[in-house]
Amino acid sequence: RMENTTSTYVLMERKTHVKINRKQVMLAKLRKSCSCTPQKLKIFLMDFLPVLRWLPKYKCKEYIWGDVMSGLVIGIILVPQAIAYSLLAGLKPIYSLYTSFFANIIYFLMGTSRHVSVGIFSLISLMVGQVVDRELLLAGFDLNDDASPALGDVSLLNDTQSNTTAFNLTIAGMNAECGKECYAIGIATALTFVAGVYQVLMGIFRLGFISMYLSEAVLDGFATGASLTILTAQVKYLIGIKIPRSQGHGMLVITWINILRNISQANICDVITSAICILVLVTAKELGDRYKHKLKFPLPTELVVIVVATLVSHYGKLNEVYASSVSGAIPTGFIPPKVPPFNLMLRVAVDALPLAIVSFVFTVSLSEMCAKKYAYSIKANQEMFAVGFCNIIPSFFHSFATSAALAKTLVKTSTGCQTQVSGVISAMVVLLVLLFLAPLFYSLQKCVLACIIIVSLRGALRKFRDVPSRYHMNKVDTFVWIVTMFASALISTEIGLLVGIVFSLLCVIVRTQRPRTALLGQIQDTNFYEDDLEYENLSSVPKVKIFRFEAPLYYANKDYFLKSLYRLTNLDPNLEVARRKKYEKKEKQHLKKGDHTTANGLGIGETTLQLVTKQTDFQALVVDCSSILFLDTTGVNTLKEILKDYKVLNISVLLACCNPSVIDSLKRGGYFGKDFGNMQEMLFYSIHNAVQFAKDQKLPADCSV
């Protein structure tokens with residue numbers, strides 16, 4: 001019902017919807033999708049490779065300068081980061097360079113975002129490294145990078161710095177001449193391949209909605225917790241101590257205990273180098289952030305630091321004289337492609353799932369951010385395919401998992417990037433290093449790489465400063481962030497992500513289990529009603545109680561709904577009926593004895609007055625359903641229960657502001673009777689309409705149970 005300006009009632013009639021034959025619709029879609037025509041083949045190919053759509057329309061004069069500049073800058077940044085992040089993945093730097101090269105080329109062909117930078121990413125590298133370390137440990141290898149070579153510890157490339165005696169190793173079904181590095185990259189490629197397959201399958205089955213369960217608080221907490229783990233893992237390189245790489249739950253605590261126990265063995269050369277590098281990098285970053293509006297492109301500080309540090313290490317012979325740990329030989333060229341070992345895929349199948357989800361979520365989030373900023377659209381499903389094939393194809397070329405990276409994406413947009421042609425330019429820079437310049441980084445100290453990694457974590461670690469403002473804005477999200485952060489740091493990144501998702505969902509459930517409830521009062525001289533506890537100068541409606549429940553009504557919060565209703569209206573109909581039956585029973589007993597006074601000392605007339613007064617405290621209950629999104633079977637039965645209970649007390653229950661899905665649930669549940677005959681007197685379009693109807697009701701003056 002709806003009230004118009006003349007106070008007459010207008011019936012709101014629902015439209016009759018034609019029932020859809022879902023079977024026929026599905027068959028029609030199936031026939032359409034299975035049909036193959038030249039036009040459909042062309043559309044499929046252009047959708048699968050979006051580069052075929054935009055590259056022919058490329059405005060060379062307008063775009064080329066920005067693309068070349070941003071591509072060169074990103075390429076220059078990529079090289080030192082790729083070498084540095086190899087420490088996180090537990091692999092040789094050459095594999096990180098392969099990863100950066102292939103990811104840029106494939107995303108150029110398949111991506112729909114013009115600006116994101118896809119390649120090596122610190123969090124993804126950490127997740128890969130944890131799986132690699134675990135499997136190496138289970139296979140019996142020593143995780144200490146600087147440990148003396150053990151039996152079977154032979155490099156894939158047989159460099160002179162490691163044991164060169166290979167032997168037949170049979171692990172997880174692998175029976176080949178394979179050592180530590182061979183086995184490590186086998187694990188990484190198997191993990192990457194499976195993660196890519198998961199992403200492609202999620203794209204085929206349209207499962208991108210999974211990313212919705214990773215809220216901003218969960219992602220921020222996960223990134224911060226993982227950053228603490230990354231920071232902890234790099235401390236030993238900063239100060240040049242040799243401790244075993246911890247693995248499993250509580251890695252952060254165990255690593256810090258080992259660091260403190262061995263702090264006396266710190267390498268003075270590495271400590272001094274680290275202090276200088278961090279000072280230079282942080283200063284350059286702060287100056288770059290302060291004057292970024294005056295700079296056409298960011299300063300390549302990492303590359304400068306790496307070049308200078310390599311020259312100093314080489315000519316100062318820091319490795320020979322001071323035993324400073326260096327990167328070692330980085331070969332040039334490409335290793336022949338190889339199929340990722342199938343048996344290892346079975347070992348890492350579970351680990352690949354969180355890796356696939358995190359990689360996809362970061363890529364799509366950054367793509368949507370850039371698309372919104374520069375007013376174009378992306379296809380989330382195609383982004384799933386793109387990042388999936390950025391993992392599947394490179395896994396055959398000794399590469400590991402990739403994702404879009406926030407820092408490089410921001411640099412890309414700030415240096416004039418227009419299209420993914422910039423990604424090809426970046427790949428060419430990496431290719432130049434792969435083919436010619438890689439051996440020049442032989443003398444680069446590992447502590448310099450650790451400094452680059454740690455300084456790159458500034459953004460994630462700065463989230464600690466936002467905790468007070470985050471808490472002021474939303475306390476629940478703050479607790480989600482804290483729980484996810486601690487779980488990611490103290491347990492493991494994968495478990496931390498799972499804990500964050502579960503805790504976030506539990507918070508949503510708890511908030512719907514115990515939502516806000518209120519009694520409403522009328523805003524003076526208006527037809528509107530609001531929470532009586534939140535607003536001043538609201539007037540109560542005589543003989544009418546207006547109850548608001550701000551959540552869906554379902555099985556988990558049914559009891560809270562009833563308790564809140566009884567508490568706010570100060571009337572539990574079941575108790576009231578029981579109380580009246582008790583008085584009636586005692587009255588009958590006194591009347592039988594010929595006593596004209598009741599059990600409480602009052603006359604029969606006085607008792608009747610007392611009962612009537614209690615009963616007529618309010619004669620109508622209006623339930624504001626505007627915040628009730630849906631009803632399940634329990635919710636419908638709960639409303640039917642209060643309708644029945646209050647009817648015994650001659651109190652009408654009126655529903656206002658119900659959405660169509662709630663009305664349909666009530667109809668199917670039989671709330672309005674068999675023929676919906678009472679619907680016009682039970683359901684109202686607005687609260688004021690229900691209140692006016694309640695005021696017009698005339699109850700008998702002597703009504704009682």
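How many helices and strands are there in the protein? This predicted model holds 27 helices and 13 strands. Of its 705 residues, 49% are buried. Look next at the contacts with a separation of 6 or more: residues 24 or more positions apart account for 80% of them.

Helix H6 covers residues 122-138, and helix H13 covers residues 342-373. Their axes come within 10 Å and cross at roughly 170°. An angle over 145 degrees counts as roughly antiparallel, so H6 is roughly antiparallel to H13.

Which residues meet between H6 and H13? From H6 come Leu 123, Ile 124, Met 127, Val 128, Val 131, Arg 134, Glu 135 and Leu 138. From H13 come Arg 347, Val 348, Asp 351, Pro 354, Leu 355, Val 358, Ser 359 and Phe 362. By type, the residues of this contact divide into 11 nonpolar, one polar and four charged. The spacing of such lists has a simple background. An α-helix has 3.6 residues a turn, so residues three or four places apart point the same way.

Stay with H13. This helix has a kink of about 60°, centred on Val 348. Val 348 is also one of the H13 residues that meet H6.

Now follow the backbone at either side of H13. Most residues other than glycine have a negative phi. Ala 323 has a positive one, near 60°. Ala 323 lies in the loop between helix H12 (318-322) and H13. Just after H13, Ala 375 takes a positive phi of about 60°.

Asn 570 has a phi near 60° and is a residue other than glycine. Asn 570 sits in the loop between helix H22 (558-569) and helix H23 (573-592). Is Asn 570 buried or exposed? Its relative accessibility is 59%, so Asn 570 counts as exposed.

Asn 262 is placed in the loop between helix H9 (251-261) and helix H10 (268-290). Its relative accessibility is 19%. Buried means under 20%, so Asn 262 counts as buried. What does the side chain of Asn 262 reach? It reaches the backbone oxygen of Asn 258, at 2.7 Å. Leaving out residues up to four places away in sequence, Asn 262 touches Ile 241 and Ile 243.

Methods
Residues are numbered from 1 along each chain as its sequence is written. This is a predicted model: local features need pLDDT of at least 70, side-chain atom pairs count only at pLDDT 80 or more; totals for chains, interfaces and linings use all residues. Side-chain values use heavy atoms; hydrogens and water are left out. Helices (H or I, at least four residues) and strands (E, at least two) are DSSP runs, numbered from the N terminus. Buried means under 20% relative accessible area, exposed over 50%, partly exposed in between (1.4 Å probe, protein chains only). A polar contact is a pair of N or O atoms within 3.5 Å; within protein, one must be able to donate a hydrogen and the other to accept it, and residues adjacent in sequence count only if both atoms are side-chain atoms. Contact means heavy atoms within 4.5 Å. Axes are lines fitted to C-alpha atoms, for helices over the stretch in contact, and angles run from 0 to 180 degrees between N-to-C directions. Angles under 35 degrees count as roughly parallel, over 145 as roughly antiparallel, 65 to 115 as roughly perpendicular and the rest as oblique. Ala, Val, Leu, Ile, Met, Phe, Trp, Tyr, Cys and Pro count as nonpolar, Asp, Glu, Lys and Arg as charged, and the others, Gly among them, as polar. The bend at a residue is the angle between axes fitted to the seven residues ending there and the seven starting there.
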